[in-house]
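This report describes a structure for a reader who is new to it. The sequence and the model are shown below.

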Number of protein chains: 4
Amino acid sequence: MSNTWGQMLKVTIFGESHGPGIGVVIDGLPPGVEPNFPEIYRHMSRRAPGQSELTTPRKESDEPEILSGLFHGKTTGAPLCALIRNQDTRSSDYDPAVPRPGSADFVAQIKYKGCQDYRGGGTFSGRMTAPLTFAGSIARQILADRGIYIGAHIKQIEGIEDLSFEIVDETLLASLTHALFPVLDDEAGRKMSDRIRQAKEEEDSVGGIIECVATGIPAGVGSPFFDSIESAVASMMFSIPAVKGIEFGAGFSITAMRGSQANDEIITVGERVLTRTNNNGGINGGISNGMPILFRVAVKPTPSIGKTQSSIDIRSGEEKELKIKGRHDPCIVPRAVVVVESAFALCLLDRILSNGEWK
Amino acid sequence: MSNTWGQMLKVTIFGESHGPGIGVVIDGLPPGVEPNFPEIYRHMSRRAPGQSELTTPRKESDEPEILSGLFHGKTTGAPLCALIRNQDTRSSDYDPAVPRPGSADFVAQIKYKGCQDYRGGGTFSGRMTAPLTFAGSIARQILADRGIYIGAHIKQIEGIEDLSFEIVDETLLASLTHALFPVLDDEAGRKMSDRIRQAKEEEDSVGGIIECVATGIPAGVGSPFFDSIESAVASMMFSIPAVKGIEFGAGFSITAMRGSQANDEIITVGERVLTRTNNNGGINGGISNGMPILFRVAVKPTPSIGKTQSSIDIRSGEEKELKIKGRHDPCIVPRAVVVVESAFALCLLDRILSNGEWK
Amino acid sequence: MSNTWGQMLKVTIFGESHGPGIGVVIDGLPPGVEPNFPEIYRHMSRRAPGQSELTTPRKESDEPEILSGLFHGKTTGAPLCALIRNQDTRSSDYDPAVPRPGSADFVAQIKYKGCQDYRGGGTFSGRMTAPLTFAGSIARQILADRGIYIGAHIKQIEGIEDLSFEIVDETLLASLTHALFPVLDDEAGRKMSDRIRQAKEEEDSVGGIIECVATGIPAGVGSPFFDSIESAVASMMFSIPAVKGIEFGAGFSITAMRGSQANDEIITVGERVLTRTNNNGGINGGISNGMPILFRVAVKPTPSIGKTQSSIDIRSGEEKELKIKGRHDPCIVPRAVVVVESAFALCLLDRILSNGEWK
Amino acid sequence: MSNTWGQMLKVTIFGESHGPGIGVVIDGLPPGVEPNFPEIYRHMSRRAPGQSELTTPRKESDEPEILSGLFHGKTTGAPLCALIRNQDTRSSDYDPAVPRPGSADFVAQIKYKGCQDYRGGGTFSGRMTAPLTFAGSIARQILADRGIYIGAHIKQIEGIEDLSFEIVDETLLASLTHALFPVLDDEAGRKMSDRIRQAKEEEDSVGGIIECVATGIPAGVGSPFFDSIESAVASMMFSIPAVKGIEFGAGFSITAMRGSQANDEIITVGERVLTRTNNNGGINGGISNGMPILFRVAVKPTPSIGKTQSSIDIRSGEEKELKIKGRHDPCIVPRAVVVVESAFALCLLDRILSNGEWK
């Protein structure tokens with residue numbers, strides 16, 4: 001509790017990594033939307049494993065079956081349910097009695113009293129982000145139809161930094177979604193890849209930072225306090241396994257600025273009111289100000305590594321050496337980019353629908 | 001929408017900075033709790049302005065009037081409403097047609113169509129954190145009665161760093177709540193104060209980072225995905241005006257670690273299962289693992305500064321120089337410490353009650 | 001838990017009958033609404049006690065103080081909080097250890113472990129409908145501005161029946177709100193009044209049925225299943241103390257009809273699609289069909305009566321004769337009419353705002 | 001919006017009558033529950049069509065596939081998703097341009113702008129109660145394990161009355177679930193069956209009243225106002241298509257009683273506090289008082305009848321005679337009994353879990 005998120009767009013996810021399937025129910029989609037399935041599947045394949053040597057060689061055929069909410073190729077207004085069957089699972093790779101450090105194994109054991117489906121991380125698996133990506137890709141399409149574009153790049157891997165988003169437009173954002181390893185600076189990208197390859201060789205893993213942006217959001221979306229855009233986006237992002245931090249605009253580095261520097265000066269460009277800088281990430285008082293909404297999330301290194309680690313046997317309490325077999329990502333960040341984008345799309349669509357727009 | 005937060009503990013805030021009053025309705029408090037009012041007022045006074053030269057000289061007498069939910073000095077189980085009257089307001093200090101950079105003035109104008117109470121920031125005012133502090137102080141007391149202690153310190157001001165929390169116990173956390181400027185390293189604290197003083201002299205402002213921790217939370221509180229502890233805490237923290245980032249455990253710096261380093265090794269200490277490090281900040285898979293829950297929030301510099309800034313007149317669209325008069329904090333961080341602690345207490349109590357504990 | 005209702009219009013009530021005050025926070029009101037206070041107070045006075053010999057002689061001055069959400073006489077878009085101070089309470093009239101039959105005394109004792117404010121029914125008091133009437137009167141005004149009118153009459157008292165609503169228009173509905181004892185058939189009204197007078201003389205009480213209607217709701221408001229208009233209205237109506245039943249359209253009597261009779265034939269009148277009859281009360285599949293929305297609620301006789309009743313002493317479990325002193329309504333129905341109307345207005349406004357209309 | 005119901009037990013339904021499938025996601029089930037599938041399927045078959053000449057001859061094989069939340073035959077604590085595939089659908093039976101009187105055809109057209117899946121009623125279909133029955137049957141099992149038993153009977157068909165529940169025990173309630181046509185008085189049952197048969201012959205339909213009860217609920221479950229047991233149960237019951245009224249305890253007939261008669265006298269039986277009568281249906285102030293919780297719902301006659309009816313063609317607005325082919329229930333009431341029981345079980349389990357019981 002709870003696997004349901006949202007106010008006007010309710011997203012309910014279900015499933016376990018090695019059970020029959022995983023899926024999502026999306027309630028509140030406007031009727032008459034014609035999902036662009038090739039494009040949706042393209043986004044889902046960006047998340048799918050086995051795309052390059054930098055990710056896990058596990059294969060998933062994540063094409064979902066639409067169980068409801070679609071008629072003559074268009075959304076009906078009723079809840080849309082999509083089911084993804086699980087395949088290619090190797091359940092024998094896990095011993096539930098020895099929790100993997102950094103994973104949810106131990107807390108699952110406590111919370112679910114030993115009844116959890118522990119295979120492959122069960123309901124804590126990163127695989128649960130597949131239905132989220134499906135749902136978010138529909139939301140992204142609806143937003144794009146109204147001129148709102150979302151994109152992201154890998155900002156950092158193990159300390160190696162990419163450039164930051166400066167001027168972002170639809171073309172740049174679209175091109176990033178076509179890159180296997182989306183960065184702004186190719187040289188930085190190569191160094192990052194090297195780090196991932198090195199970690200893989202050492203049976204270890206690395207994490208990184210994803211920077212995500214949306215353009216075209218009109219001023220006035222969101223609310224002060226508990227329904228602030230930041231609150232909504234953050235609550236969603238921390239639902240993505242491995243995310244340990246989020247910052248908007250200048251984020252943590254705004255704390256080293258003076259107010260006179262941090263404040264975004266208000267200017268007029270033609271008819272539009274803009275700000276000269278965007279240290280607030282497009283949000284003041286929880287509400288969009290018309291500038292691009294920009295945030296970064298910190299993704300921790302994949303907990304499942306081949307290197308020997310120390311854990312305990314929860315039956316006896318005794319120390320136990322653990323060497324995780326199975327196939328794991330040396331770095332989850334490249335696959336997480338589209339998950340962050342998709343989850344963000346869900347947030348924005350929900351906030352915009354809650355604003356009473358786009359009836 | 002929405003000024004209500006929580007599942008089993010619903011907190012509703014209301015009010016505007018220069019209107020008749022501000023307040024909070026707390027629904028879901030267990031019956032029979034005897035609020036320790038001197039202690040609650042002590043916490044509220046930590047947030048109140050005018051405490052030192054480092055904060056605004058405005059005076060507030062924020063002692064709330066309890067309107068309901070209390071009988072014979074104990075909570076009744078019915079909603080507890082507390083009202084704080086507004087006083088000592090200088091409404092003439094503001095011109096609503098020229099939005100202050102970095103503030104919510106412009107978005108309020110758009111969202112509320114010019115009907116917002118713009119005086120003193122209206123409902124976007126930091127003053128709204130007073131009822132939140134009141135509510136959180138009750139939650140903190142309930143938690144303390146069950147051995148859960150919360151504390152925080154100023155981790156950073158304009159780049160000057162305090163030490164990090166290492167071993168935290170009840171005594172340390174309590175002593176921090178008695179400091180006007182809570183830091184772990186006094187020398188760092190002096191430097192920070194100097195920076196604030198300097199910013200004040202230059203009619204400017206600075207921001208900072210607050211590090212907050214809770215000890216004694218049993219393993220198993222929280223949920224995967226949308227009701228994760230991180231999601232709940234983050235959604236609450238971004239309700240606090242000026243917060244632009246949050247990170248749990250090692251946070252953003254975990255992205256520079258290898259998995260073998262970031263993973264917290266699981267150990268047994270007597271009967272208890274602990275981890276050797278706490279890079280995950282006491283949370284795995286959204287659920288508490290029994291270690292201290294630790295996070296940091298980034299607080300931006302106070303937007304209202306005396307220095308001349310550039311804005312526009314929203315009636316004409318013309319550029320306009322702005323020099324904000326009035327009395328403002330050169331740094332909101334010292335006063336925000338108790339707000340973060342209190343808001344965190346509300347999150348924890350809600351998550352614990354949602355877990356079905358403490359019937 | 002929970003004293004908060006609604007999705008896009010969140011209504012939070014608080015207070016206890018003999019505590020400092022009762023009140024309501026309304027979140028989600030559109031900005032720029034100019035509350036017609038004389039009209040709102042007129043509606044509140046319809047609920048107030050002491051209006052005629054048929055109701056309790058207790059006096060209440062229920063004029064609320066607006067604490068937030070209003071600026072220059074208009075709603076700001078921020079939460080509007082209204083406070084009503086309690087006065088003229090006679091706390092000595094109650095002995096908490098002997099629960100009054102038909103009241104919430106016993107369940108309050110169990111649920112709140114003896115900590116409840118038992119004076120005057122505490123938070124279970126019918127007095128809590130005063131803030132609900134205040135909030136609903138604002139909603140009613142907003143609805144009327146868009147051509148949606150609400151009205152109600154006393155359909156039945158102790159078996160004496162009034163006529164049913166047939167053709168309803170704005171004028172009829174308005175005139176009913178000006179009647180001390182609103183009925184369609186004056187003769188039936190006189191008989192009802194006699195019954196109430198007779199019950200009063202015998203230190204007893206009677207109940208009745210209220211029929212409520214709204215005209216002007218466009219087709220398409222509401223949802224199938226859990227957010228059906230019926231679900232929303234019913235959940236709200238059962239929040240009103242003493243309501244024990246609700247039915248829409250023909251209601252329970254539809255069960256004696258054949259389908260061919262119950263089905264409302266669809267017709268065209270000019271451009272408008274209507275139905276010849278309105279057995280479904282303006283709702284199909286949970287959604288408004290453009291016909292008047294019509295329902296009836298059953299209100300039980302006031303539990304507090306002067307007649308001797310049998311109860312127990314909860315300390316000893318021993319049987320105890322109970323003769324309730326104090327001043328009570330021999331019939332709550334006349335005062336409940338405006339409460340039903342107001343609560344209904346809140347439901348309709350919330351459903352309409354959730355439909356994304358009236359941004 | 002919204003197809004999700006509940007606070008601590010979140011139930012999300014999806015599907016359309018003639019789409020690929022219908023289903024339910026249940027979030028918040030305690031871990032370790034071993035669903036008794038033969039018993040669950042038995043309850044589902046009570047709802048299934050084609051059981052007797054009194055219901056539709058359509059066949060459904062409604063055995064659901066469990067997609068998640070079950071491991072080694074026990075609930076895992078993660079969301080349980082069950083999918084029922086659609087079969088045996090005759091989509092050609094419907095012409096969407098001529099809305100069936102009494103159905104949701106017209107409102108669906110307006111709300112969903114012509115994009116709804118109109119086949120077989122789409123998402124408004126009574127078939128959506130199959131997943132609700134599945135979910136409720138698990139809830140019923142969990143309740144029975146704690147001594148809470150639920151049962152119902154047909155109280156009335158087209159004016160023919162059954163007896164009322166008097167003393168109810170587990171055995172009686174269980175035996176009713178095994179009857180094809182559950183009544184307390186067999187003679188009344190025969191007369192009711194005759195009426196249904198007669199309506200069927202005349203290509204017409206009849207409605208009726210279902211009386212439902214639960215025993216064993218401890219005092220103190222529920223809340224005053226918006227989360228009252230009555231509010232929760234009513235909001236759920238009005239989600240069941242065709243329900244047009246609900247009443248608790250004596251319900252509408254309590255309005256003809258005096259207070260001295262309606263008030264349930266409080267007595268002590270051994271250690272237990274009971275009431276002599278149960279006119280309040282086991283609920284005071286929205287909270288259970290320890291007596292059986294009892295309510296009745298009014299079910300309207302099936303709108304789909306063979307008899308010629310008058311409607312319009314929504315394209316032209318012209319009047320149109322309508323003779324519905326297809327196979328329909330002359331009376332939905334016998335099949336709705338288990339739906340009411342199941343939906344009630346969901347309500348009770350949610351309210352009890354929200355009370356913090358049964359951690």
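A:Val340 touches A:Ala152, A:Ile210, A:Cys212, A:Met237, A:Ile240 and A:Val297, leaving aside residues up to four places away in sequence; residues are in contact if their C-beta atoms, placed from the backbone, lie within 7 Å. In the largest nonpolar core, which has 456 residues, A:Val340, B:Val340, C:Val340 and D:Val340 touch the most other members. Such a core is a set of buried Ala, Val, Leu, Ile, Met, Phe, Trp, Tyr and Cys residues joined through C-beta atoms within 7 Å. A residue is buried if 20 or more other C-beta atoms lie within 10 Å of its own, exposed if 12 or fewer, and partly exposed in between.

The model is predicted: local features need pLDDT of at least 70 and side-chain atom pairs count only at pLDDT 80 or more, while totals for chains, interfaces and linings use all residues. Residues are numbered from 1 along each chain as its sequence is written, and chains are lettered from A and ligands numbered from 1 in the order in which they are written.

Chain A contains 8 helices and 18 strands, taken as DSSP runs (helices H or I, at least four residues; strands E, at least two) numbered from the N terminus. Further values for chain A follow.

| Property of chain A | Value |
|---|---|
| Span of the C-alpha trace along its principal axes | about 70 × 50 × 35 Å |
| Buried residues | 68% of the 359 residues |

Between chains B and C, 39 residues of chain B are in contact with 39 residues of chain C. On the chain B side, β3(B) gives the most, with 5 residues.

Definitions and conventions: Two residues are in contact if their C-beta atoms, placed from the backbone, lie within 7 Å.
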